[in-house]
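Let's take a walk through this fold, one neighbourhood at a time. Keep the sequence and the model open next to you as you read.

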Amino acid sequence: MASELNIQISVDVLEPQELTAEEQQAMQLAQEAAVDAYAPYSNFLVGAALVLEDGTMFKGSNQENAAYPSGLCAERTALFALSAHHPRAKIKLLAVTARRRQEQEFLPAMPCGACRQVMAEYEYKQREPIPVLLQAADGKFYRFKSVTDLLPFQFTPDNL
Ligand code: THU
């Protein structure tokens, strides 16, 4: 008989006041980053913030293009820019939020599959988990301890 593998994923569901001071700052930076998004086609503004080991923060936003597939999500914009500027930096938090241009409310920011794959690469590279903090519905937040929880069964350099 076929055996079954059950994967358990644990996610903290948090109210704003339950975020640490650093997480609140990171989410604030992600909100600011969203304002800078270049998203004239979707008007869906996404902001990402990275907190580095020494507390430095780095931000990114989605960058769209008239040739739609040439655009890039906020998460990858932030991660690639960080890796290009500070190739040895260790990430201790990634925060993501989103909103529609004409609305003030922040919306659930669930990273797309390609962004999860890129997060997995940098987590593998730094040999330490990257906690991910996502804006969730109703002003709440999801905190994942590791990219592995966002992308189980991931393809890594070990698979090559
Ligand atoms: N987007 C992100 O920036 N991150 C995601 O994980 C999902 C989608 C952007 C891409 C595009 O500019 C807009 O949101 C609408 O898909």
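## The start of the chain

Ile 9 touches Phe 144, Asp 149 and Pro 152, where contact means heavy atoms within 4.5 Å and residues up to four places away in sequence are not counted. Ile 9 sits in the segment before β1; strands here are DSSP E runs of at least two residues, helices are H or I runs of at least four, and both are numbered from the N terminus. With a relative accessible area of 38%, Ile 9 is partly exposed, a class that falls between buried (under 20%) and exposed (over 50%), using a 1.4 Å probe and protein chains only. Its C-alpha atom is separated by 30 Å from that of Glu 32, which is 23 residues apart from Ile 9 along the chain.

Before going further, some housekeeping: this is a predicted model, with local features needing pLDDT of at least 70 and side-chain atom pairs counting only at pLDDT 80 or more, while totals for chains, interfaces and linings use all residues. Residues are numbered from 1 along each chain as its sequence is written, and side-chain values use heavy atoms, with hydrogens and water left out.

## The sheet

Six strands make an open sheet, in the order β1-β6-β5-β4-β2-β3, with mixed pairing; two strands pair if DSSP finds at least two bridges between them. The edges are β1 and β3, each of which pairs on one side only.

Val 13 belongs to strand β1 (residues 11–14). Leaving aside neighbours within four places in sequence, Val 13 is in contact with Glu 18, Lys 140, Phe 141 and Tyr 142. Phe 141 turns up again as the bridge partner of Gln 135: β5 (residues 132–135) and β6 (residues 141–144) pair in the antiparallel sense over four bridges.

Leu 50 stands opposite Phe 58 in β3. The hairpin of these two strands has four residues between them, and Gly 55 there takes a positive phi near 95°.

## Helix α2

Helix α2 covers residues 74–85; at 1.5 Å a residue its 12 residues should span 16 Å, and the end C-alpha atoms are 16 Å apart, so the two agree. The expected span is 1.5 Å times one less than the number of residues. Among the buried residues of α2 are Ala 74, Glu 75 and Leu 82. The buried residues of this helix pack against β2, β3, β4 and α3.

## Around the ligand

Backbone N or O atoms of Ala 74 and Cys 112 each lie 2.9 Å from an oxygen atom of the ligand. Glu 75 places a polar side-chain atom 2.8 Å from a ligand nitrogen atom.

Asn 62, in the loop between β3 and α2, counts as buried because its relative accessibility is 7%. A polar atom of the Asn 62 side chain lies 3.0 Å from the backbone nitrogen of Val 46. Asn 62 also touches Phe 44, Cys 73 and Ala 74, among others.

Methods: Polar contact = N/O pair within 3.5 Å; in protein donor to acceptor, adjacent residues only side chain to side chain.
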